[in-house]
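Me: I would like to learn how to read the disulfides of a structure like the one shown here. Could you take me through them, giving the general idea before the case itself?

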Amino acid sequence: MRFPSVKTVHAQICAIFLLAGCGGSKFVAGTAEAGSAGQAAAGGDADRAGAGGDGTGGRGGATTGGVGAGGAAGASAGNGGSAGKPATTCDCAAGSYCQMGTTTCRSCTDFSALEFATPEKLATLNQTGNQRFPRPASAASDLFYRSGSDGAPALWYAAAPISGVGHQLFSALDAGLDSGPLFAPKFSPGNGNFYFDRADQTTLLRQIWSATWAGGKLSAPLRVPELNGGNDDFSVAIAEVARRVYWMSSRNKTGSPQLIWAKFGAGATTPAVLDLKVKVGASNQCAALLNVDATPWVNVDGTLLLFRSLSTDDKCNVNDGMATDLFAAPLSPAGTPLAPAVPLSSLNNTGGNSSETDPALSQDACTIYFGSDNGHPGDFDLYSAVRN
């Protein structure tokens, strides 16, 4: 898919979020080793040490610094750096980043400019089969993720600082066909703080389950009746503060799963289909083509929805070999899109049938995680990128 220029996309994002001052760069997937893209240090510090992109200083580390792409492990807290740009541009506090080409520090919770430094592959998490659905497990850089082929997926956890594949969350005897991990400690419609979907190995019906994550272990999981409608329900995303949940479901029996949402608690609503459109070209918009799974993610306040959709041209025709791109949509206080979603052009590796999928922001919103097959269908790896 051919996107508008980066400058045009920045203007579109700013217009949608009603804020100004954007910058960014085009994405070419990197291949850095462990600690890339500003891995957070041990101890659960939300700051980042090391850089994304060029190995220069990050936003500051904890007591055991991380490793930037091409950089060395820090022995002490890192200086406030520049999120992948020369360290002389600006010195930003934790939870903020230096906007590319300026000396301006911006809060990572300001979503008017969703540009990122060059993504780096999380190479230490590589296993046989696909790696998908990277989801932050805390304020540090530890991750839940899915590994394995689509026919035999399993859930894994890798502690920070990530130095290996981590450990599988369920034993082979207890596991089903598991996917879509999500840690949601602030609000839960079910009985736990950890969510995932599991397909029955006989019927292949997918349902959403929850468990309690504590001390590096999961309790026995239970189905979440509030989120399961008797058909396939999966890929859950939770806006914890806003008490809204977004997930994929085939309960409407339209032939393909749809992205639905509902509010829980005070003012609860019944699940409804979310009407999603994406911006293409300079001013056109198309219905989002979710291709079975939008892999949604939403921030805790419920103001930003990230998802994937099929790549389309300016006339809404599918192109790029059925590849998927990443998009961001601003959400209203009522939970619905304020405007058509815009492509995350600095992450979408357009052309060559490359699919990007499963986006999620870190708890401080300064780092994004996602999966990409980089033009090799069925061979997904995990990537991260810092705000730029």
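Me: How many disulfides does the count come to?

Reply: In general, a disulfide is a covalent bond between the sulfur atoms of two cysteines. This is a predicted model, and with sulfur atoms within 2.5 Å taken as a pair, the count comes to 4 disulfides.

Me: Which parts does the disulfide of cysteine 92 and cysteine 105 tie together?

Reply: The S to S distance of this disulfide is 2.2 Å, and with -90 degrees about the S-S bond the link is left-handed. Cysteine 92 lies in the loop between helix H1 and strand S1, while cysteine 105 lies in strand S2, so the link ties together parts that are 13 residues apart in sequence. Cysteine 92 is buried, at a relative accessible area of 3%, whereas cysteine 105, at 35%, counts as partly exposed.

Me: Why is the disulfide of cysteine 108 and cysteine 366 right-handed?

Reply: The torsion about its S-S bond is about 105 degrees, and therefore the disulfide is right-handed. Cysteine 108 sits in the loop between S2 and strand S3 and cysteine 366 in the loop between strands S24 and S25, so the parts tied together are 258 residues apart in sequence. Both cysteine 108 and cysteine 366 are buried.

Me: Is cysteine 286 buried or exposed?

Reply: Cysteine 286 counts as buried because its relative accessibility is 4%, under the 20% cut-off. Its disulfide partner is cysteine 316, with the sulfur atoms 2.0 Å apart, and cysteine 316 counts as partly exposed at 32% relative accessibility.

How values were computed: Residues numbered from 1 in each chain as written. Predicted model: local features only at pLDDT ≥ 70, side-chain atom pairs only at ≥ 80, totals over all residues. Heavy atoms only, no water. Helix = DSSP H or I, 4+ residues; strand = E, 2+ residues; numbered from the N terminus. Buried < 20%, exposed > 50% of the residue type's maximum accessible area, 1.4 Å probe, protein only.
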